Amino acid sequence: MNRLKATIGWRSAAALVVANMIGTGAFTTLGFQLELIPSGSVLLLLWAIGGLVAWCGAVSYAELGTRLPRSGGEAHFLSEIFHPLMGFLSGWVSLTVGFAAAVALSAMAVGQYLAAWTGWPPLLTAVMSILVLSLAHGFGTRQSSRLQNVLTGLKLLVVLGLGLAGTFLPAPEGAVVNWSFGGVSTLWSPGAAVAMISVFYAFSGWNAAAYIVEEIEEPRKNLPLALVIGTLLVSGLFMLLQYGFLRQAGTAALSGQIDVAQVAAAAMFGPTTGQWVSVLIGILLLTGISAMIWVGPRVVRAMGDSHHLWRTFGKLSAGGIPQRATWLQGGISLFLVFTSTFERVLLYSGFVLQLFTFLAVLGLLLMRWRKQGEAGYSSPLYPLPQLIFLAFSAWSLVYLFLNQPMESLFGLLNVVAGLIAYYFDVRVPATAEEKL
């Protein structure tokens with residue numbers, strides 16, 4: 001089995017978590033949520049719950065990653081805990097939805113945000129974003145780490161600046177927000193559950209460092225640090241940012257809008273500055289693309305260790321990185337950019353991604369019961385964080401399936417496609433990889 005080199009400290013791993021978490025969801029989902037829940041107080045509470053659930057997931061994945069210390073995330077965890085089929089399906093979903101589709105979504109958003117500044121067609125900007133960053137990450141892990149730290153530092157400064165400005169600048173007179181809570185029934189309504197899925201999507205990325213555990217120095221110490229510190233930092237920023245957006249723009253102006261950051265910035269600083277903020281958001285989304293191009297190929301490499309169909313893509317280059325997997329993921333992302341719309345790619349991803357993180361955290365409970373895996377980090381207050389994560393995840397998944405069945409079924413169809421791929425994988429001769 002080829003092994004990746006451990007060259008990444010906890011700061012770079014935490015930067016990877018931050019870069020994965022702060023992406024399209026933070027700047028686009030609030031308008032959708034306001035159509036479902038008009039109360040600003042309930043929405044902020046949902047975002048706080050999202051942060052709590054993300055922390056519960058982070059400590060769970062820290063334990064999973066130290067008990068099963070191999071890169072690959074859910075693809076590795078579910079293979080070891082349940083069955084190789086479950087790991088294969090998780091890896092399939094990570095490749096087609098978790099990373100490739102997310103890269104495509106971010107690239108399309110970058111194209112729209114930067115169109116006025118570059119003068120390029122959005123499609124061209126999206127394609128160039130994927131190609132250039134894939135090439136940059138093809139040079140090696142240390143270069144990836146340095147690039148990620150620089151881009152993430154810029155992202156943190158801008159997000160913090162927007163959040164502080166929205167919180168402390170005088171709010172415009174027309175920015176009206178319904179801060180009434182509306183009772184417990186509002187929080188447990190179907191609309192809140194569907195909105196919660198979009199909050200989970202915005203927080204997705206809290207598990208990013210678990211995908212590269214083999215490349216982290218002293219993972220038993222540094223993986224928990226990276227996951228927990230990165231998640232807590234972003235949770236605080238998200239609360240500040242969404243409160244600032246609501247306070248400055250008001251619910252009427254934001255409801256149904258995708259470019260909520262630009263709407264809020266225009267209310268804070270005026271239309272011209274709002275346009276420049278739009279350009280900054282576009283640049284920041286490049287950091288998310290960079291992070292996902294870094295992490296995603298590690299899932300393919302991990303799948304290649306166990307599944308012949310993927311083994312040729314799991315081979316490492318002379319520099320010790322999964323270069324073929326990087327090109328594969330980039331190719332899928334480009335295909336989605338050329339053939340799909342932003343809305344079509346986004347519709348089904350939240351349901352199926354939450355489903356597999358649910359299974360991974362459930363797997364930790366089974367591991368503890370079986371006393372399976374190596375001795376490693378133990379999540380605090382066990383099993384309370386795991387039960388909180390599972391309860392909120394199940395609540396959102398059930399309500400989404402009942403109230404948005406088409407979107408949920410599209411996600412499940414992707415899983416069916418993975419089942420078909422697995423059927424062919426188990427029929428590939430073990431020696432076939434040697435001919436590739």
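## Surface and basis of the model

The accessible surface of the protein is about 16800 Å², and 68% of this area belongs to carbon and sulfur atoms. Accessible areas come from the Shrake-Rupley method with a 1.4 Å probe, and for residues only the protein chains shown count as cover.

This is a predicted model, in which local features need pLDDT of at least 70 and side-chain atom pairs count only at pLDDT 80 or more, while totals for chains, interfaces and linings use all residues. Residues are numbered from 1 along each chain as its sequence is written, and side-chain values use heavy atoms, with hydrogens and water left out.

## Overall fold

The protein has 18 helices and zero strands. Helices (H or I, at least four residues) and strands (E, at least two) are DSSP runs, numbered from the N terminus. The protein is as compact as a globular protein of its length, because its radius of gyration of 21 Å is close to the 22 Å that the globule rule gives for 436 residues. The radius is taken over C-alpha atoms, and the rule is 2.2 Å times the number of residues to the power 0.38. Along its principal axes, the C-alpha trace spans about 70 × 50 × 40 Å.

Contact means heavy atoms within 4.5 Å. Among contacts between residues at least 6 apart in sequence, 83% join residues at least 24 apart.

Of the 436 residues, 58% are buried. Buried means under 20% relative accessible area, exposed means over 50%, and partly exposed lies in between (1.4 Å probe, protein chains only).

The largest nonpolar core has 140 residues, and F27, L30, L46, Y61, F245 and I281 touch the most other members. Helix α5 (residues 84-118) gives the largest share of this core, 18 residues. Such a core is a set of buried Ala, Val, Leu, Ile, Met, Phe, Trp, Tyr and Cys residues joined through side-chain atoms within 4.5 Å. Leaving out residues up to four places away in sequence, L30 touches L43, W47, Q242, F245, L246, L254 and V260.

## Salt bridges

The model has three salt bridges. A salt bridge is a side-chain nitrogen of Lys or Arg within 4 Å of a carboxyl oxygen of Asp or Glu. E63 forms one with R67, where the closest N and O atoms are 2.9 Å apart. The two residues are four apart in helix α3 (residues 40-67), so about one helical turn separates them. Both E63 and R67 are buried. E63 also forms a salt bridge with R368, with the closest N and O atoms 2.6 Å apart. This pair links distant parts of the chain, since E63 is in helix α3 and R368 is in helix α16 (residues 349-370), 305 residues apart. R368 counts as partly exposed because its relative accessibility is 24%.

Another salt bridge joins the side chains of K221 and E218 (3.8 Å, N to O). K221 is partly exposed at 47% relative accessibility, and E218 is exposed, with a relative accessible area of 53%. Salt bridges that share partners join E63, R67 and R368 into one network.

In soluble globular proteins, nonpolar side chains tend to be buried together. On the surface of this model there is a nonpolar patch with about 1200 Å² of accessible area, whose residues include V398, F401, M406 and F424. Helices α17 (384-403) and α18 (405-425) each give two or more residues to the patch. The largest share, nine residues, comes from α18, the helix in which M406 lies.

Patches are made of residues with over 30% relative accessible area and no salt bridge; like charges are joined within 9 Å, and nonpolar side chains (Val, Leu, Ile, Met, Phe, Trp, Tyr) within 5 Å.
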